[in-house]
Amino acid sequence: QQKATQLLLDEVRKRTSITLKTQRTSPGSDVAIILGCPSAMPDGQVKLPKGVFVPKEAEGYALWVSDSAAGEVRIYVMGRDERGMLFGVGRLLRLLHMKENSLTLDSGTRLSTAPANPIRGHQIGYRNTANSYDAWSVDQYEQYFRDMVVFGTNSIELIPSLDPEERDSVHMKKSMWDMTVSLSSLLDDYGLDVWFWLALKGDVADPAIADAELESRRKLFAACKRIDDIFVPGGDPGDTHPDILMPWLKRMADVLHENHPDAGLWVSNQGFTPEENTAFFGYIKEHNPDWLAGVVFGPW
């Protein structure tokens with residue numbers, strides 16, 4: 001809630017030079033913006049106008065303008081949950097008309113909405129490949145996250161390094177490890193899902209390498225404040241046969257859950273041969289693994 005409030009204050013001030021004041025009690029001014037979740041608001045403070053409702057679905061919100069005979073104007077942003085309130089603030093920023101020393105909103109604004117898709121994310125890897133992210137600071141990442149929140153993004157996929165010292169670009173202000181740790185914490189502040197794209201390159205058919213690969217991941221997982229999901233591509237990179245990959249991923253899931261017990265593990269059959277696909281889907285059919293959150297499918 002604090003991040004949602006700060007998002008509104010900061011973005012309005014940048015565009016209008018207007019500094020909005022905040023308070024936790026009922027507003028006494030003629031015009032006020034009220035943010036919250038109905039379940040957390042005092043009884044009687046929130047009265048929804050006809051045709052407006054707070055959706056029952058997660059991340060839904062309602063936004064409306066209300067006025068009284070006394071001339072008091074209230075702009076309400078009510079989320080089904082805290083993330084719904086965050087996206088409601090984003091929608092409000094899109095609806096506001098902002099220019100220097102002027103902030104207005106259509107008095108007929110009335111809407112109730114909820115997301116059609118539960119996962120709405122982008123991969124933003126701190127690495128040289130992207131040609132721009134490698135030069136960013138944490139503050140620049142935060143602004144980009146905010147810009148995406150305004151349009152409903154709820155998940156960010158990072159591309160971590162397992163080497164605490166690695167920097168694959170001369171422009172990097174932090175090591176790839178340190179940036180991953182910082183962004184995991186920052187995204188948690190906003191209540192956004194943190195995904196990792198974490199390929200397997202080592203030959204885990206070798207027991208010693210298999211253990212070393214797990215240990216390097218254990219250290220990374222322990223260093224990060226929030227991880228919601230891990231995606232391991234079956235190929236590009238990686239060429240581990242599913243007969244070896246899937247049992248090793250089961251072990252990795254146990255390592256992941258040591259520090260992030262609710263995190264999901266996903267895998268793709270990217271680049272698999274027909275024989276490897278047969279082995280991959282055969283494993284899933286035979287074992288019905290409860291550690292596997294889902295299979296990623298893409299255009300390859």
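What is the volume of the largest pocket? In this predicted model, the largest pocket has a volume of about 1200 Å³.

## The largest pocket

The lining of the largest pocket is made up of 35 residues. Those that lie nearest its centre are T22, Q23, I33, I34 and L35. Strand 1 supplies the largest share of this lining, with six residues. The elements that give two or more residues to the lining are helix 1 (2–16), strand 1 (31–36), strand 3 (73–79) and strand 5 (102–104).

Sorted by class, the lining of the largest pocket holds 20 nonpolar, 13 polar and two charged residues.

## The second largest pocket

The second largest pocket has a volume of about 300 Å³. Its lining consists of 17 residues, and P160, S161, L162, W197 and K201 are the ones nearest its centre.

In the lining of the second largest pocket, nine residues are nonpolar, two are polar and six are charged.

## Nonpolar cores

The largest nonpolar core contains 67 residues. Within this core, the residues that touch the most other members are Y141, F145, F196, F221, I230, L249 and M252. Helix 6 (residues 242–259) gives the most to the core, contributing eight residues.

Leaving aside neighbours within four places in sequence, F221 is in contact with F196, L198, I227, I230, M252, V255, L256, N259 and H260. A second, separate core has eight residues, among them I34, V46, V52 and M78. I34 is also one of the residues nearest the centre of the largest pocket.

## D193 in strand 9

D193 is located in strand 9, which covers residues 193–197. Is D193 buried or exposed? D193 counts as buried because its relative accessibility is 16%, and buried means under 20%.

The side chain of D193 is joined to the side chain of R226 by a polar contact of 3.3 Å. Not counting residues up to four places away in sequence, D193 touches R83, N154, S155, I156, R226 and D228.

Technical notes:
Residues numbered from 1 in each chain as written. Predicted model: local features only at pLDDT ≥ 70, side-chain atom pairs only at ≥ 80, totals over all residues. Heavy atoms only, no water. Helix = DSSP H or I, 4+ residues; strand = E, 2+ residues; numbered from the N terminus. Buried < 20%, exposed > 50% of the residue type's maximum accessible area, 1.4 Å probe, protein only. Polar contact = N/O pair within 3.5 Å; in protein donor to acceptor, adjacent residues only side chain to side chain. Contact = heavy atoms within 4.5 Å. Core = buried A, V, L, I, M, F, W, Y, C linked by side-chain atoms within 4.5 Å. 1 Å grid on protein atoms, 1.4 Å probe; cavity = no way out; pocket = protein on both sides within 12 Å on 5 of 7 lines; lining within 4 Å. Points joined across faces, edges and corners; volume = space filled by probe spheres on them. Nonpolar A, V, L, I, M, F, W, Y, C, P; charged D, E, K, R; others polar.
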